[in-house]
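Good morning. Please look at the sequence and the structure on the screen, and I will go through a few parts of it.

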Amino acid sequence: MGNHIGIIGSGSWATALAKILTDNNQHIHWWIRNEETIRHMQLRHHNKHYLTSVYFDTSLLQLNNDLAEVVKASDIIILAVPSAFLRTVLETLAPDAFAGKKVVCAIKGLVPGTNQLINDYLADVFKLPLEQYFTITGPCHAEEVASEKLSYLTFSGINAAETETMAARFNTEYLQTIVNKDVMGVQFASVLKNIYAMGAGIAHGLEYGDNFLSVFITNCFREMQEFLEKYEQYQAGTGKEVTVHNYNASAYLGDLLVTCYSLHSRNRTFGNMIGKGYTVKAAQLELNMIAEGYYASRCIFEINEEIGAYMPIAQKVYAILWEQMRTEEAFLELEKGLI
């Protein structure tokens, strides 16, 4: 358990993960782009922009805005930047920067432009083997970690023993871990649930009630399964290994539910603003945080043009966000097809 851990990113989720690790008395190298944020944290012991109630023992933090130094000093690297910025952040690194290192992905998104899962992007650009890649998925909101409300994280990796060891670093009194081998499925589930949370937010903004929302989320869950099954068939056709998913696991249904219902959900909040009549740009400015579902909706739309899953909800969210379809019109059409 003596490996050096690095965190890339300084948003709310990166800050929550840093809290978990330092609560376990683990030293971390932490890449934060903004020098002023670093100075504030060294002086005041908290992140002035995110989860400001969390105070750190700064003797456990090695703060640095030199990404290459953080990566070089770390054996385990946690990626916790928005997916939309991942390529820009990592492009300065050498192609062998992750050689011999383990990468833990805490990003709930795809790489825009290439529409790749993060592991596929890292394999292409940095030649990272899947054996060295792990994912963290929910259901888990950073705000509840900050207030130490009991939460659960799912760790996925293809080697069960190594994944258990990785997960053990994050076990605290307020956080329990779940382990599985479904690396591809949980990543897509975490991408899709953000799109559906935006849809749930739009419905709330349009003043649909809880009865409608329960039917809406049930259909979102069915749609998620439809997409994953079609994607597996598509992957099998290219000769890639197919994964069996446990749809009843909390990384699927649990994460979908909490993201659609919780007031902590930035994707739901973003959708709520769209439902109330905000433009996408206005909602982005008001939220002042990245809502992954916005970028994910386009990625999934483009992927699904290849695989052909029946996804009316995801398609309507895409049409609202990217094609300026009227929210009222989109949801009137959706109402008729829910089961």
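Which residues form one aromatic cluster? They are Tyr208, Phe212, Phe216 and Phe331. Rings of Phe, Tyr and Trp (its six-membered ring) pair if their centres lie within 6.5 Å.

Before I go on: this is a predicted model, where local features need pLDDT of at least 70, side-chain atom pairs count only at pLDDT 80 or more, and totals for chains, interfaces and linings use all residues. Residues are numbered from 1 along each chain as its sequence is written, and side-chain values use heavy atoms, with hydrogens and water left out.

The whole structure holds 17 aromatic pairs. One of them joins Phe227 and Tyr231, with 6.0 Å centre to centre and 20° between the planes. That pair is stacked (planes under 30 degrees apart; over 60 is edge-to-face and the rest tilted). Phe227 and Tyr231 are separated by about one helical turn because they are four residues apart in helix α9, residues 210-237. Helices here are DSSP runs of H or I, at least four residues, numbered from the N terminus. Both Phe227 and Tyr231 are buried, meaning under 20% relative accessible area with a 1.4 Å probe, protein chains only.

Now to helix α8, where Lys193 lies. Is Lys193 buried or exposed? Lys193 has 5% relative accessibility, so it counts as buried. Leaving aside neighbours within four places in sequence, Lys193 is in contact (heavy atoms within 4.5 Å) with Lys108, Met224, Asp255, Leu256 and Thr259.

Terms used. Helices (H or I, at least four residues) and strands (E, at least two) are DSSP runs, numbered from the N terminus. Buried means under 20% relative accessible area, exposed over 50%, partly exposed in between (1.4 Å probe, protein chains only).
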